[in-house]
Structures are given as structure tokens and as C-alpha cells.
Amino acid sequence: ERPSHPELLDWLAVEFADGGWSLKRLHRLLLRSTAWRQSSARRPELDAVDGDNRLLGRMPVRRLEAEAVRDRVLAASGALDPTPFGPPVPVVADDTGEFVVKDGVPRRSLWIEQRRSKPVQLLAAFDAPAMQTNCDRRIASTAPGQALVLMNGDFLLAQARRLAETALVEAAAPPAADDGPGSGAQALAPAVERAWRRAFGRAPDDAERGEATAFLADELAILAARGGDLAAPAERRLRALANLCQQLLASNEFLYVD
């Protein structure tokens with residue numbers, strides 16, 4: 001297939017040579033370009049002339065790599081340990097036979113032990129390279145196993161709860177007095193704002209606030225009906241907010257770069 005921008009390739013080749021054959025300089029040039037920094041938002045006038053985006057009218061939507069998915073979850077919850085270097089973090093089998101990071105150590109995925117016989121469940125679900133053979137290019141698939149890991153995986157459930165705890169602390173958690181599910185959901189509004197900012201780097205809009213409040217009201221009512229270890233209002237609010245945080249961490253906006 002012929003290149004879409006042959007003159008641009010010629011110019012980049014000359015620039016590469018003139019820059020002393022420095023890949024770092026070339027990468028910096030590309031990543032600072034207007035084309036690379038575009039949004040992926042579609043516009044009718046561009047779709048009319050470049051529906052396949054061959055002319056680079058927008059940035060293609062792309063999913064985060066497997067390691068970046070895990071690291072971003074840890075960063076959003078406030079658990080990420082950025083300590084560099086040292087021995088790799090061991091991988092062990094859990095009670096179900098799936099391989100997980102030992103003791104849930106929250107270091108960056110770069111430092112996780114890599115063994116062909118021990119693929120980490122979360123990373124494997126999101127297309128981490130399987131090193132039985134060489135890997136010259138990563139794939140980005142969409143498979144049911146990804147949704148199941150995000151819905152039921154112990155890692156995501158634990159980090160969603162931690163995100164909820166962090167959001168409550170940052171928002172100055174409301175008192176534990178129980179004034180009913182509706183008022184409890186309203187009292188969690190500052191924590192919802194903090195969770196949204198930690199997950200997406202932005203505040204929720206009015207429609208999202210309304211949906212979050214309605215979700216929390218329903219969750220609080222369901223949890224109150226269960227009783228047991230949920231008798232304490234503070235625990236019900238934490239559990240309801242954690243369920244909301246799980247939806248944030250499993251959303252397309254969190255998993256995809258646009």
C-alpha cells in the first residue's frame with residue numbers, strides 16, 4: 001500500500017539524518033506535533049472527505065496497553081508505588097489457579113516478574129504480549145474476559161474500594177448519621193466529585209452528577225435492606241461509593257485514550 005503522506009515521510013527522513021540520527025529527537029518532534037496532539041473527536045466536515053482518517057484529520061481512539069491499565073487503576077486509587085529498580089515483584093497463583101501479583105504489591109507493572117508459564121490474569125486479559133514467540137506488534141482486542149476481570153476481579157474490586165476511601169478523605173467525609181438513602185447520596189456528592197477527578201482528570205457534568213446520585217441512592221437502599229455487616233451507615237456509604245468507583249474504573253473513558 002502506498003503511503004498517504006509521501007512528502008511528509010521524505011521530510012522526516014531528512015530531518016532524522018540532519019538531527020544526527022537521534023531517535024529521541026525524532027520521537028520528540030513527532031509527539032510535539034499538532035497531528036499527534038489532536039483529539040479523536042469526529043467532525044462531519046472531516047468525515048465527508050476523510051472517513052477512514054487516512055489523511056490524519058483526527059487521532060484514532062486507542063485502548064491503553066495492559067500495563068498502563070493496571071498502573072492507571074493504581075494511580076487513580078492513590079495506591080501506586082513509583083519506586084524504580086530493584087528485584088522484580090513475584091507472581092503467584094491464587095485460590096482459583098489464576099496468576100496474580102504477590103500480596104497485591106502496587107508497584108508499576110514494569111517491575112512485575114515476567115514468566116511465560118505465569119501470565120498475570122489482568123495483564124493477559126488486556127493483551128499483554130505472550131512471550132512464547134517474539135512480539136513485534138501489540139494487538140488490542142475486545143473480549144468478554146476483559147469485562148469479567150473488571151466486574152469480578154479481586155484487583156479491581158480492591159482498588160475501587162480504595163478509590164472510594166481516598167475520595168471520602170479528600171472530600172472531608174460526611175458524618176455517619178443515617179438520614180435515609182436519598183440524603184446519603186446527596187451527602188456523597190463531594191466524594192463523587194473527587195472520584196471523578198481522580199479517575200478522569202475532570203469534574204462530572206450535570207447529567208453525570210444526576211446519574212451518580214440516582215445510582216448511589218439505589219445502592220444505599222439495597223445495602224440498607226441487607227443489614228448484617230452493613231448496619232453501619234458509614235460502611236453502606238463506603239460500599240455504595242466503591243460500587244460507583246468500580247464503574248468509573250471499568251468505563252471506556254478510563255480505558256481508552258481519546
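**Group meeting: salt bridges, core and loop**

Let's start with one residue. Glu170 has a relative accessible area of 37%, so Glu170 is partly exposed. One caution before going on: this is a predicted model.

What does the side chain of Glu170 meet in a salt bridge? The partner is Arg194, at 3.0 Å from N to O. This pair links distant parts of the chain. Glu170 sits in helix α7, residues 154–170, and Arg194 in helix α9, residues 189–200. They are 24 residues apart. Arg194 is partly exposed too, because its relative accessible area is 27%.

Stay with helix α9. Glu193 meets Arg209 in a salt bridge, 3.2 Å from N to O. Arg209 belongs to helix α10, residues 206–226, and Glu193 to helix α9, so this pair ties together parts that are 16 residues apart in sequence. Arg209 counts as partly exposed, because its relative accessibility is 34%.

How many salt bridges does the structure hold? The count is 20. Why can such pairs form at all? Side chains of opposite charge can pair when their charged atoms come close. Some are joined up: Arg161, Glu165, Glu235 and Arg239 are linked in a network of salt bridges.

Now a salt bridge between buried residues. Arg63 pairs with Asp127, and their closest N and O atoms are 3.0 Å apart. Arg63 is in strand β1, residues 62–63, while Asp127 is in the loop between α5 and α6, so the pair ties together parts that are 64 residues apart in sequence. Are the two partners buried or exposed? Arg63 is buried, at a relative accessible area of 9%. Asp127 is buried as well, at 12% relative accessibility.

On to the nonpolar side chains. In soluble globular proteins, these tend to be buried together. Here, the largest nonpolar core has 46 residues. Among those with the most contacts inside this core are Phe126, Val192, Leu216 and Phe254. Which helix gives the most to the core? That is helix α11, residues 233–249, with eight residues. As for Phe254, its contacts beyond four places in sequence include Leu64, Val73, Ala199, Phe200 and Leu249.

Leu8, Trp11 and Leu29 make a nonpolar surface patch of about 270 Å². Leu29 comes from helix α2, residues 23–31. Leu29 counts as partly exposed, because its relative accessibility is 32%.

Take Ser109. Ser109 is buried, with a relative accessible area of 2%. What does the side chain of Ser109 make a polar contact with? One partner is the side chain of Asp71, at 2.8 Å. The Ser109 side chain also reaches the backbone oxygen of Glu67, at 3.4 Å. Beyond four places in sequence, Ser109 is in contact with residues including Arg70, Gln114 and Leu123.

Then Glu113. Glu113 counts as buried, at 17% relative accessibility; the cut-off is under 20%. Its side chain reaches the backbone nitrogen of Val91 at 3.0 Å. A polar contact of 2.7 Å joins the Glu113 side chain to that of Arg115. Leaving aside neighbours within four places in sequence, Glu113 is in contact with Pro88, Val89, Pro90 and Val91.

That's the tour. Thank you.

Methods
Residues are numbered from 1 along each chain as its sequence is written. This is a predicted model: local features need pLDDT of at least 70, side-chain atom pairs count only at pLDDT 80 or more; totals for chains, interfaces and linings use all residues. Side-chain values use heavy atoms; hydrogens and water are left out. Patches are made of residues with over 30% relative accessible area and no salt bridge: like charges are joined within 9 Å, nonpolar side chains (Val, Leu, Ile, Met, Phe, Trp, Tyr) within 5 Å. Accessible areas come from the Shrake-Rupley method with a 1.4 Å probe; for residues, only the protein chains shown count as cover. A salt bridge is a side-chain nitrogen of Lys or Arg within 4 Å of a carboxyl oxygen of Asp or Glu. Helices (H or I, at least four residues) and strands (E, at least two) are DSSP runs, numbered from the N terminus. Buried means under 20% relative accessible area, exposed over 50%, partly exposed in between (1.4 Å probe, protein chains only). A polar contact is a pair of N or O atoms within 3.5 Å; within protein, one must be able to donate a hydrogen and the other to accept it, and residues adjacent in sequence count only if both atoms are side-chain atoms. Contact means heavy atoms within 4.5 Å. A nonpolar core is a set of buried Ala, Val, Leu, Ile, Met, Phe, Trp, Tyr and Cys residues joined through side-chain atoms within 4.5 Å.
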